[in-house]
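Here's a structure that's new to you, so let's walk through it piece by piece. Take a look first, and then we'll start from a single pair of residues.

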There are 2 protein chains.
Amino acid sequence: MDAEVDRLSLFSATPLEATQGKPLYRVVEDHIRNLITTGRLIPGDLIPSESQLAKALGVSPGTVKKAITNLVWEQLLFRHQGKGTYVSRVDFEKSLFRFFSYGDAEGRSIRIHKETTARRRQPGPADICKRLGVATESDLVYIERVGLIGEQPVLVEYSWWPATVVPGLEDESIHIPDYLYALVLDQYGVPIVRAQETLTADAADAKTAKMLGIAKGTPVVVLKRTTYTQGDRIVEVRTTKGRADRFSYKTEIR
Amino acid sequence: MDAEVDRLSLFSATPLEATQGKPLYRVVEDHIRNLITTGRLIPGDLIPSESQLAKALGVSPGTVKKAITNLVWEQLLFRHQGKGTYVSRVDFEKSLFRFFSYGDAEGRSIRIHKETTARRRQPGPADICKRLGVATESDLVYIERVGLIGEQPVLVEYSWWPATVVPGLEDESIHIPDYLYALVLDQYGVPIVRAQETLTADAADAKTAKMLGIAKGTPVVVLKRTTYTQGDRIVEVRTTKGRADRFSYKTEIR
DNA sequence: AAGTGGTCTAGACCACTGC
DNA sequence: CAGTGGTCTAGACCACTTG
């Protein structure tokens with residue numbers, strides 16, 4: 001009860017600021033979006049019902065519905081009929097990553113199992129520190145994993161975190177599950193809010209080639225990810241390199 | 001006037017078939033989508049106004065608006081306030097292709113100029129005929145082009161068309177512009193309605209390597225396109241191979 | 001001025017979830 | 001059962017486009 005009332009107060013507090021030309025539904029939209037990016041609403045939260053919101057904000061239910069519909073389109077929220085509207089969890093099914101080894105001839109998606117091959121704490125290389133937005137030589141935690149389909153390695157992951165964000169993560173005694181972000185949320189209370197990915201192809205360097213069991217210089221797909229927590233703070237930079245022959249990306253143009 | 005009335009009759013004719021559980025707005029949506037994929041409405045066409053549609057179909061304006069909003073969201077239609085709602089043209093800006101050589105350090109998009117390096121009519125290879133959905137050994141038109149940025153070749157295009165669709169296109173006297181599809185529409189009245197693209201990386205074969213001025217085996221990005229005209233008929237299959245170092249694809253995950 | 005889409009309201013009824 | 005989102009209606013008023 002308390003939590004619910006409290007959550008609703010997040011909305012009633014502000015009686016909708018300066019509307020300056022913006023449509024009403026946009027104002028409602030931005031207001032909710034704001035609560036999410038500032039972390040006052042976090043992934044998994046139930047937001048007040050449409051009718052409650054309409055009353056609290058003093059607008060018609062249709063306007064609230066339209067605002068929410070837009071946010072659902074953006075996948076920032078999702079609705080569940082009869083239950084309510086929730087803040088989305090980050091959907092790494094949308095990662096370009098999923099185009100690795102998609103469809104084993106029957107089109108079924110294949111599970112990639114991951115194994116940790118190295119982890120340590122060390123002063124970060126200059127380029128990584130820059131991407132993370134921390135001072136050069138800052139202490140970072142480095143995690144290196146291989147992705148396997150069955151026994152065959154198909155990708156390698158090089159991941160860097162500021163040591164201040166995940167202190168002790170380099171410790172061998174902490175088991176790293178396939179979904180690293182679940183661990184980071186559990187152990188350090190750091191929720192992953194969004195990520196950016198860039199894709200290119202390149203020739204395999206010696207180390208990567210060895211880990212993937214391919215010849216040096218063979219084409220690999222390179223996926224660089226920057227991972228964000230609340231307030232647009234970067235918490236991880238990651239480079240994934242995978243066998244190009246296990247990757248394919250499809251789109252439809254209209 | 002005549003055209004307008006005629007266009008409206010496309011809608012009034014059918015008084016909305018079997019609704020079997022489908023929401024009304026979905027029925028309206030499907031109806032319009034159908035008129036487009038069957039070619040009774042073509043890219044660029046103005047469709048009747050929302051209020052006209054509502055009357056013609058016997059539903060409320062709000063329902064028509066919702067249906068159209070969804071189709072606009074799908075980019076099948078676009079609205080222009082005060083003018084009306086139109087059928088979208090195919091937007092090859094959405095091609096994966098555009099991720100080649102994006103941003104010349106200043107982020108400006110660079111123009112890729114194309115030059116035709118080969119064109120002929122010949123019995124098609126088995127795999128190409130299969131992808132085109134025509135009989136093996138059918139006569140095809142083959143067009144080969146290089147994409148250049150300034151003087152530097154960055155990609156090669158291998159394009160195949162059924163000879164029945166574009167008879168005489170192999171003739172040297174026909175000038176091929178950068179946008180091949182504009183020519184095909186002008187000369188043969190074949191509108192391109194949609195396309196599918198698949199992206200992978202591979203090692204450059206000897207021919208491609210030579211054309212791109214890179215070493216054989218160097219990574220190239222491979223883009224396979226299947227191009228459709230009205231009624232889901234395949235009219236072209238195309239393979240584009242480009243230098244991996246001139247390609248980068250970006251997304252945002254939430 | 002007439003017609004278009006864009007916004008906003010105010011309600012009715014339904015289907016689904018939970019207690 | 002009460003509460004949620006999902007659908008659908010019917011209208012008002014505005015901003016933009018065209019003749």
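Start with A:Tyr249, whose bridge partner in strand 7 of chain B is B:Leu199. Keep in mind that this is a predicted model.

Now step back to the whole contact between the two chains, which takes 33 residues from chain A and 33 residues from chain B. On chain A's side, the elements giving two or more residues are strand 7 (194–203), strand 8 (219–229) and strand 10 (249–253). Strand 7 of chain A gives the most, with ten residues. Sort that side of chain A by class and you get 15 nonpolar, ten polar and eight charged residues.

Next, look at a pair of helices within chain A. The axes of helix 3 and helix 4 (residues 61–73) of chain A come within 8 Å and cross at roughly 115°, which means helix 3 of chain A is roughly perpendicular to helix 4 of chain A. The crossing of these two helices is right-handed. Helix 3 of chain A brings A:Glu50, A:Ser51, A:Leu53 and A:Ala54 to the contact, while helix 4 of chain A brings A:Pro61, A:Val64, A:Lys65 and A:Ile68.

Finally, there's the DNA. Around DNA strand D sit 20 residues, and A:Ser49, B:Leu24, B:Ser60, B:Gly62 and B:Gly82 come nearest. Helix 3 (50–57) of chain A turns up again here, among the elements that give two or more residues to this surface. By class, the surface near DNA strand D has twelve polar, five nonpolar and three charged residues.

Note on methods. Residues numbered from 1 in each chain as written. Chains lettered and ligands numbered in written order. Predicted model: local features only at pLDDT ≥ 70, side-chain atom pairs only at ≥ 80, totals over all residues. Near = placed C-beta within 6 Å. Helix = DSSP H or I, 4+ residues; strand = E, 2+ residues; numbered from the N terminus. Nonpolar A, V, L, I, M, F, W, Y, C, P; charged D, E, K, R; others polar. Contact = placed C-beta atoms within 7 Å. Pairing = 2+ DSSP bridges. Axes fitted to C-alpha atoms, helices over the stretch in contact; angles between N-to-C directions. Parallel < 35°, antiparallel > 145°, perpendicular 65-115°, else oblique. Left-handed = near helix turned anticlockwise from the far one by under 90°.
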